[in-house]
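Student: I would like to learn how to read helix packing. Can we work through an example together?

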Amino acid sequence: MMNAVQSGAAPPPKEPALWIYPIKNLGVAIIFWLFGLSGYVLSQASSGVTPIWSPMGIGVAIVILSGYRFWPGIYVGALMADLEISRNPALSFLLAGGKVMECLLAAWMVNRFANGRKFYLHPWDIVKFAVLAGMLCPLVSPPVGVQYPSLQHYIFWAGRAYSWLSCWLGEVVSVLVFTPLIVIWRDSPRHAWLRRQRLEYVLLLSLLILFGEVVFGDFLPPEARAYWMPNFCLPFLLWAAFRFGPRETIITTFVLGALALWGTFHGYGYFAKAQPAESLLVFQVFLAVNSILALLVAAIIVQRNQIREDLRQARDELEIRVQQRTNELSETNRLLEKEMVRRQQAQDAHSQALRRLVEVQEIERRRISHELHDRMGQELTAIKLSLKMLNKQTGMAESVQAGFHRLDGLADSLMVTVHRLAWELRPAILDDFGLDVALRRYVTEWAGQNGVQGDFHSDGMESVRLPAKVESMLYRITQEALTNISRHARAKRVSVLLERRHNQLSLIVEDDGCGFDAETVLKSTDVNMKLGLMGMQERVMLVGGTLEIESSPSQGTTLFVRVPLDARMVD
């Protein structure tokens, strides 16, 4: 079996030795004992009836951070503190059990409902921590038994609500101050401060100590102390919450609490105006409220900064994605441009080859037409004259004369066919007299040959000569259109319009034949169905023109050819 190292998986965390837990529990017991005893000693020194604070906050922090297995240390520490005070073993065992129940229940509620050791990062979790762990769980111990300093009475049943409230407030202050202090100090990540941040925090603590001395000390004369309220120190807590974080906020709260306790303990400051026991009670309320308020503000700032950081990261990720997409689009556009250039080059090469082919065809048509019209026409004329001369000779048999007549008729028919072929290949009239005259004659002859009523109209073409390639293109388009009409349209009437308007030349060929579905034919994948239309489109494109076809079954067909004209193209 492959081990963790070979498989690439992280090795499991190494379990500490068993003897570590007793030592740690002993350390927890000593801390718990010293802290509980100090609260009682300070309370006695200030004539209080209950401890100023409880070690419960330290116990809750230990359980949250290290787990429930440290309850023996908490129990032993609480038992040692109670035995030191009361000298009553039975009552001390009972009270120590209540302290353990409070710590375990508070830690469980924080872990279950307030996000555990991360409770200080969200305002709602801080509220749940304060209510569940700070206010409700300290109520567990008084029903079990809360002691006077002399431990001779049970406050819960003795009806001494003031002492019960004071004891409860001591545990609330312990949980709301010392638990966040320990948990945040242990769990919160330490950030590398800039020099100006360190100087700012030193300035904050210095001003807080100065104001604390003014509010809670004997810095001012007695008649001026009444005007300095403890809430004057609240801006320093807000300063720490806004500018730093939960760690610095709880430290600032702890420093403020120490200043207030020192002044109150020595009889100075605002709280010292009440009775000794009541002054400590007011001090506890002040510290608990300010601790929760400062933590709430710090959590709100942390959440705001987290949202801002998330938004910044989202913005950065979005910018990266946009940049990636932009690069992809740029690359795609570059490839498309390259492909378009390649296609344009291919199209230009195709157009150039097609233009050259058309030019060669026209040249060859002209040559063949001249050969048919001139040379073959002359030879056929000579044959016809020879036949007539032979036919005039006398003494020929009737059968021979009949043969001469048939040959003469064939010669006439051959001359007509040669003339028609020469005309269709390249009419000389197109080169000599221009497009207008050539189309008018061609439409007239085509209509006579096919028995169709043909009309030709022209506008703006009087004494106008166009470039040879434009005239050849329009003549061939008209020729192809009329040929298609004679083959497929079964038309009775055909109209051809040649019009020049400003910088555009238009050719319209319209018939009243059977028509066809032009859109279907143009979109068809069968090349044979649209070969003639494609040829006409290519011819028009060679001179920069456009070709449109409007047709539908039983509605006839209309062909539109539009060619842009430059002033230099018109003679």
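Student: At what angle do the axes of helix α12 and helix α13 cross?

Tutor: Start with the general idea. Two packed helices are described by the angle between their axes and the distance between the axes. Now the case here, in a predicted model. Helix α12 spans residues 234-243 and helix α13 spans residues 246-265. Their axes cross at roughly 160° and come within 8 Å. Angles over 145 degrees count as roughly antiparallel, so α12 and α13 are roughly antiparallel to each other. The crossing of α12 past α13 is right-handed.

Student: Which residues of α12 and α13 make the contact?

Tutor: From α12 come F236, L237, A240 and A241. From α13 come E248, T249, T252, T253 and L256. By class, five residues of this α12 contact with α13 are nonpolar, three polar and one charged.

Student: How do the axes of helix α10 and α13 cross?

Tutor: Helix α10 covers residues 195-216. Its axis and that of α13 cross at roughly 25° and come within 9 Å. Angles under 35 degrees count as roughly parallel, so α10 and α13 are roughly parallel to each other. Here too, α10 passes α13 in a right-handed crossing.

Student: Which residues make the contact of α10 with α13?

Tutor: On α10, they include Y201, L204, L205 and F216. On α13, they include I251, V255, L259 and W262. The contact of α10 with α13 has twelve nonpolar, three polar and two charged residues.

Student: How many helices and strands are in the chain?

Tutor: The chain has 20 helices and five strands. Of its 571 residues, 41% are buried.

Technical notes: Residues numbered from 1 in each chain as written. Predicted model: local features only at pLDDT ≥ 70, side-chain atom pairs only at ≥ 80, totals over all residues. Heavy atoms only, no water. Helix = DSSP H or I, 4+ residues; strand = E, 2+ residues; numbered from the N terminus. Buried < 20%, exposed > 50% of the residue type's maximum accessible area, 1.4 Å probe, protein only. Axes fitted to C-alpha atoms, helices over the stretch in contact; angles between N-to-C directions. Parallel < 35°, antiparallel > 145°, perpendicular 65-115°, else oblique. Left-handed = near helix turned anticlockwise from the far one by under 90°. Contact = heavy atoms within 4.5 Å. Nonpolar A, V, L, I, M, F, W, Y, C, P; charged D, E, K, R; others polar.
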